[in-house]
Amino acid sequence: MKYKWLRLSTLIISFTYLIFSTLLIYFTSLYLRDLEERALDRSMDELQHIYESQPINTISRNDILTSLYDEQTMILYTRSGNIVSTEPTNDLSDLPVDFIPVGDDVITSLETEDGNYLVGRSNIDSMYWNGYLTVIHPLDNYYLIIRTMVMIALLIGFLSILFTSIVSYFFSTQMVKPIRSIANQLKRIEGEGVSERLSLKTDTEETDYMVTSFNNMMDSLEESFNQQKQFVEDASHELRTPLQIIQGHLKLINRWGKDDPKVLNESLQISIDELHRINKLVEELLLLTKNNPKQLEEIESINIVDEINSRVSSMKKIHPDYHFAVEHTHDDIMFQINNHHFEQLLLIFLDNAVKYDTEHKYIITSTEKHDDHFDIMIKDHGIGIPEEDLENVFNRFYRVDKSRSRQQGGHGLGLSIAKKLIENYDGQVWFESEEGNFTKVIIRFPLNKDK
């Protein structure tokens, strides 16, 4: 990455500087060329004025030299092409031009072995002189300036690219340094497990954010890993007990049950009960693995009040020694939900209330309807839930009173299943409890939602 950045930055700077310097030299050359042509044109105008305004024998050499600039040379021709005079030299061998008659003022370029020139030609037709004027303007200074600019541009370009490469190398090294440190720590973490974290502080906001995001991701991953590990351990424990019971009774049948109908019937019944327990546990585990159970079921509009009254009536018949009270603020609360799911989650909480209220045996179920939601409350007067356990009650296989868990039945999955069902319908659920006095579960669903 460091060398890629170095090559890329150097290439960009070089390309940008090449375009800039080329355009600069090009437009400068156009401007300087225009200045050279203006100087030649100005000299020709002044000389034409001199020869057209006075007799040739009255024109002094000083007047001619004053009109010439930048080492220019003037040649005066007759109509037949004979040279009348040259200034500032009379050596005709140094003149690089031939005679060419013209009608109007003309400026052309001339390239020779000795150099480059601008040649201006004009026609003089006056009462004092009738002939042709040629002015030769050397471009030595023009090309000297252009060559100097090219050399300076090359030198500055080389120094700029060198400087840019050094600076880019330095900054790319500084940029890659934290990434290399992160990569090294990642290799170490890869070998040591999800409990390791990146301990790196840089001066770059992006890399610091990446380190923080990675650590947060590792926290979530470790939590998920620990939950999965705990889930496997708990599921294995829940399955191990009924399997051991079944195994024990099968051995008992194998030894004595063949000849003893009483032992045979008792062992078979216990084995069947334990198999039913295993089957129920597997079904609950499968339900928890579904991403969105409501997508697999038929959704219908039900009256929440009627369904609660129906389920509570069923619980009264199953538990005649319990007192079930029902309180509603409205007669009708319509909601789009699968009826089996609602019945399932309601029975989970009612059954849970019955299990943990064995002394007062008084359970209150109530509903409250608001503008944008409705609440279902189920309150028992049992042992309550310690404050430190409230946030864990929905975890799989978690039980508040672990010493009584098997005697009370269940696998510790009911509340997890109920929460999953509620959240799949955009609902919320939480517990309020006072240890030794009561426990109340609040289920909240939104109203006016298109399910």
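Me: Which residue in β4 is the bridge partner of Ile 107?
Reply: That's Gly 120. Bear in mind that we're looking at a predicted model.

Me: OK, and what stands opposite Thr 108 in β4?
Reply: Val 119 is the residue facing Thr 108 there.

Me: How many bridges do β3 and β4 have, and in which sense do they pair?
Reply: Six bridges, in the antiparallel sense. Strand β3 covers residues 106-111, and β4 takes in residues 116-125.

Me: What about the hairpin of β3 and β4, which residue there takes a positive phi?
Reply: Gly 115, with phi near 155°. That hairpin has four residues between its strands.

Me: Moving to the other neighbor, how many bridges join β4 to β5?
Reply: Nine, and those two strands run antiparallel. Strand β5 spans residues 130-138. One of the pairings puts Ile 124 across from Gly 131 in β5.

Me: And how many residues sit between β4 and β5?
Reply: Four, and the two strands form a hairpin.

Me: Is β4 mostly covered or mostly open?
Reply: Mostly covered: eight of the ten residues in β4 are buried. I'd read that as under 20% relative accessible area.

Me: Zooming out, in what order do the strands come in the sheet?
Reply: The order is β2-β1-β5-β4-β3, five strands in an open sheet with antiparallel pairing. At the edges you have β2 (83-87) and β3, each of which pairs on one side only. From one strand to the next, the twist averages 20°.

Me: What holds paired strands together in general?
Reply: Backbone hydrogen bonds, in either a parallel or an antiparallel arrangement.

Me: Switching to helices. At what angle do α6 and α7 pack, and how far apart are their axes?
Reply: About 45°, with the axes 10 Å apart. Helix α6 is residues 304-318 and α7 is residues 339-355.

Me: Why are α6 and α7 called oblique to each other?
Reply: Because their angle is about 45°, and angles under 35 degrees would count as roughly parallel, while 65 to 115 would be roughly perpendicular.

Me: Left-handed or right-handed crossing?
Reply: α6 and α7 cross in the right-handed sense.

Me: Which residues of α6 meet α7?
Reply: On the α6 side they are Ile 304, Glu 307, Ile 308, Arg 311 and Met 315. Their counterparts in α7 include Phe 342, Glu 343, Leu 346, Leu 350 and Val 354.

Me: How many residues of each class are in that contact?
Reply: Eight nonpolar, one polar and four charged.

Note on methods
Residues are numbered from 1 along each chain as its sequence is written. This is a predicted model: local features need pLDDT of at least 70, side-chain atom pairs count only at pLDDT 80 or more; totals for chains, interfaces and linings use all residues. Side-chain values use heavy atoms; hydrogens and water are left out. Buried means under 20% relative accessible area, exposed over 50%, partly exposed in between (1.4 Å probe, protein chains only). Two strands pair if DSSP finds at least two bridges between them. Axes are lines fitted to C-alpha atoms, for helices over the stretch in contact, and angles run from 0 to 180 degrees between N-to-C directions. Angles under 35 degrees count as roughly parallel, over 145 as roughly antiparallel, 65 to 115 as roughly perpendicular and the rest as oblique. A crossing is left-handed if the near helix is turned anticlockwise from the far one by less than a right angle, and right-handed if clockwise. Contact means heavy atoms within 4.5 Å. Ala, Val, Leu, Ile, Met, Phe, Trp, Tyr, Cys and Pro count as nonpolar, Asp, Glu, Lys and Arg as charged, and the others, Gly among them, as polar.
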